[in-house]
Amino acid sequence: MNAIITASELASELAAARPPVLLDIRWQLGGPPGRPEYEAGHLPGAVYIDLDSELAGPAGERGRHPLPDVAAFGAAMRRAGVRADRAVVVYDGGQGWAAARGWWLLRWTGHTDVRVLDGGLAAWTASGGALSTEATAPEAGDFEPEPGAAGLLAADDAAALARRGVLLDARAGERYRGEVEPIDRVGGHIPGAVSAPTTENVAENGRFRPAPDLAARFASLGANGETEVGVYCGSGVSGAHEVLALAVAGIPAALYVGSWSEWSADTARPVATGAEPG
């Protein structure tokens, strides 16, 4: 099944007898919270999900956006009406990072039918889709998360994968090279990782580039579908978007959720700088 869905495809599915569950995951790094935007207008029937409190655990030694408590995540999904036998579509304001985080977590915990709205809310409104300000109160779902259905990397796993396969760094190139580091303790990258900014996976309108183009891009970085692939970013959010882009290209990949925020906080872990993997 395709990992993404267009606005026109979603409109058709929402008009069917058994429409997908809609999750609105609008979020921006550093705020403001997405709920006021949701209340000002969302896809009809969508339920708001808060990335910081429902798709991540408290920030700490495991990074800024570590995995959420599985039981709490399951409760949030059931509150939103997520069912094991019903399709789910997630969207955000258009950047795609937050929606991808929700997509990845649902896949990792065993949901088999979840897609991201390509281009997010902006694509929906551009296609003529209506918005609603009505609060959504869905019937409780029955989804019980079972972790392990998708690839997950710990710090040592990521280090090993950088040596035996391809570890992609989804952050901006200047952060990878260590030229700037606006958030974490130190700049640079995991030794052996390859720079692959997630912003290069989308066109100017925020929608994913065609699958053949993505496949060619990743092949040029060493991820040709025949070698093991992992991804990390700053805190496991934009990295999920890169895993999604790889899925669109037909390439499976694992996510290092702790990412640079966890790696760089440990002074015992090596740091490489410059344009080369190191």
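**Exercise 1.** Determine what covers the buried residues of helix H9, and which residues these are.

*Solution.* The covering elements include strand S7 (166-169) and helix H10 (238-248), where contact means heavy atoms within 4.5 Å. Helices (H or I, at least four residues) and strands (E, at least two) are DSSP runs, numbered from the N terminus. Within H9 (residues 211-220), the residues Leu 214, Arg 217 and Phe 218 are buried; buried means under 20% relative accessible area, exposed over 50%, partly exposed in between (1.4 Å probe, protein chains only). These residues lie on the same side of H9 because they cover an arc of only 95 degrees around the axis, the arc being that of the directions from the helix axis to the C-beta atoms. On the other side of H9, Pro 212 and Ser 220 are exposed.

The model is predicted: local features need pLDDT of at least 70, side-chain atom pairs count only at pLDDT 80 or more, and totals for chains, interfaces and linings use all residues. Residues are numbered from 1 along each chain as its sequence is written, and side-chain values use heavy atoms, with hydrogens and water left out.

**Exercise 2.** State the strand order of the open sheet and identify its edge strands.

*Solution.* The 5 strands follow the order S6-S10-S9-S7-S8, with parallel pairing; two strands pair if DSSP finds at least two bridges between them. Strand S6 (152-153) and strand S8 (194-195) are the edge strands, each pairing on one side only. Between S9 (residues 229-232) and S10 (residues 254-256) there are 2 bridges, and Gly 230 stands opposite Ala 254 in S10.
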